[in-house]
Amino acid sequence: MKTEASAQLFTQAKALIPGGVNSPVRACRSVGCDPLFVAKASGCTITDVDGNTFLDFVGSWGPMILGHAHPEVLEAIRRTALDGASFGAPSPLEVELSAQVCAAVPSIDMVRFVNSGTEATMSAIRLARGYTGRKVVVKFDGCYHGHADSFLVKAGSGVITLGIPGSPGVPDDIVRNTLSIPYNDTEVLAQTLRDPSLDVACVIVEPVAGNMGVVAPKSGFLQALRELTRELGIVLIFDEVITGFRLALGGAQERFGILPDLTCLGKIIGGGLPVGAYGGKREIMSLIAPDGPVYQAGTLSGNPLAMAAGLAVLKVIRRPGFYEELEEKSAWFGVELEKIAASSPVPATLNRVGSMLTCFFAADPVVDFASALRADASRYGRHYRQMLAGGIWLAPSQFEAAFVSAAHDRQHLQKALDITESSFKKLID
Ligand code: KE4
């Protein structure tokens with residue numbers, strides 16, 4: 001595979017941008033190769049600057065549920081751009097998108113748009129602390145909520161991929177007010193939340209974890225979380241930056257029937273443009289400035305281009321049968337992958353929820369961070385490189401999700417299965 005143009009760009013980039021990338025996991029450090037630079041993408045196909053094409057199962061880490069360059073999304077951006085890109089003043093599209101988000105997500109009465117998932121989650125915990133007057137944030141090992149100081153404690157995604165224990169630069173008193181406990185462990189959860197020495201403001205959770213690889217909530221885990229936080233007056237925050245509008249129109253909270261107090265969104269609602277959002281009960285959201293004293297702001301928040309892209313995506317995913325079709329092909333793909341994993345010469349296990357999935361190179365089920373860390377990440381690196389050589393674009397980390405989009409058809413998925421099967425056979429040491 002020709003990679004000269006990518007290599008040249010990477011050399012230039014490394015002199016200008018830390019690691020040559022604008023987000024660490026893209027550097028492909030954990031999968032033992034240099035990153036390929038993307039020239040364009042359409043549907044489920046990505047083309048790099050050397051002209052190599054790949055079937056994309058990263059989807060820009062989740063936003064591209066429709067596939068890339070969807071005509072209705074492009075037209076919405078093009079048309080809106082003709083009237084200006086950003087005003088720093090209210091405009092109609094943000095009212096329209098907020099109405100659709102509030103109508104779609106069961107727990108959201110009011111919503112505030114920001115520019116990234118990190119902004120959404122950092123604002124949500126500030127709001128929870130302001131609402132309760134308490135300090136401690138409880139998160140779960142292996143979950144990732146963006147790079148705000150409070151979250152870089154036993155975090156997933158790029159933090160674990162690069163083996164960064166936490167992050168230098170995060171003051172101890174910040175870390176002291178973040179408790180990270182095992183995902184799916186209701187006993188430790190109850191002990192922690194009931195500990196009288198802790199003044200817990202909120203619990204933030206990925207209702208389906210995507211950042212240690214995909215890990216589903218055990219039966220009763222989310223229910224226990226909801227009941228305990230309600231009993232103890234703790235704000236329950238669902239970080240649905242990945243799962244929002246992915247697992248159902250109403251996200252994981254619709255799929256599992258558990259309503260949090262606050263929800264964080266991102267990725268899909270921006271259609272590929274920078275958008276995050278946080279929302280929830282009116283009683284809590286009304287504390288946000290300028291209605292209330294909890295401050296949060298943003299120059300480009302709610303900008304027309306991003307709102308137009310998000311509206312175009314929601315218009316497509318709200319069409320009858322969209323989620324049923326996505327679920328049906330993802331389920332078929334998952335069953336076929338499980339068959340390949342079961343007959344694989346090396347230990348492999350598949351976790352899938354809806355159209356998000358991870359193949360762990362592990363012999364035992366992966367149900368939390370500790371079991372995810374027992375996966376063979378170096379074997380995943382070999383698999384990654386073999387899949388890329390076969391034309392399949394996977395996440396450059398064992399601790400991420402792969403995504404099926406509306407643009408993947410059975411032929412695309414069958415090709416991915418064939419390449420996966422041949423890659424597994426070559427993983428024997
Ligand atoms: P951003 O600030 O990257 O938009 O969102 C942070 C975030 C918050 N919550 C969840 C559940 C997330 O998954 C993320 C970001 N996801 C990662 C990939 N798993 C972004 C990819 C990257 O860091 O380059």
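A: A polar contact here is a pair of N or O atoms within 3.5 Å. The model is predicted. An N or O atom in the Asn 211 side chain sits 2.4 Å from a nitrogen atom of the ligand. Asp 239 also reaches a ligand nitrogen, with a side-chain N or O atom at 2.7 Å. For Glu 400, a polar side-chain atom is 2.8 Å from a nitrogen atom of the ligand. On its own, the ligand has 540 Å² of accessible area, and the protein covers 86% of that.

Now the wider shell. There are 17 residues around the ligand. Those that come nearest are Ser 23, Thr 118, Asn 211, Asp 239 and Glu 400. Sorted by class, the shell holds eight polar, five nonpolar and four charged residues.

Strand β8 covers residues 235-239. Three bridges join β8 to β9, and the two strands run parallel. Strand β9 spans residues 262-265. Leu 262 and Cys 264 point one way from β9. Thr 263 and Leu 265 point the other way. All four of these β9 residues are buried.

Take Thr 192 in helix α7, which runs over residues 186-194. Thr 192 has a relative accessible area of 12%, so it counts as buried, the cut-off being under 20%. Its side chain reaches the backbone oxygen of Val 188 at 2.7 Å. Setting aside neighbours within four places in sequence, Thr 192 is in contact with Val 138, Leu 179, Ile 181 and Leu 198.

Next, Ala 362. This residue lies in a loop between β12 (356-360) and α13 (369-373). Ala 362 is a loop residue, yet it is buried, with a relative accessible area of 7%. Which residues does Ala 362 contact, leaving aside neighbours within four places in sequence? They are Pro 347, Ala 348, Thr 349 and Ala 375. Ala 348 is 14 residues away in sequence, but its C-alpha is 5.1 Å from that of Ala 362.

To recap the site itself: Asn 211, Asp 239 and Glu 400 are among the residues that come nearest the ligand.

Technical notes
Residues numbered from 1 in each chain as written. Predicted model: local features only at pLDDT ≥ 70, side-chain atom pairs only at ≥ 80, totals over all residues. Heavy atoms only, no water. Helix = DSSP H or I, 4+ residues; strand = E, 2+ residues; numbered from the N terminus. Buried < 20%, exposed > 50% of the residue type's maximum accessible area, 1.4 Å probe, protein only. Contact = heavy atoms within 4.5 Å. Near = heavy atom within 4 Å. Polar contact = N/O pair within 3.5 Å; in protein donor to acceptor, adjacent residues only side chain to side chain. Areas by Shrake-Rupley, 256 points an atom, 1.4 Å probe, with all protein chains shown as cover. Nonpolar A, V, L, I, M, F, W, Y, C, P; charged D, E, K, R; others polar. Pairing = 2+ DSSP bridges.
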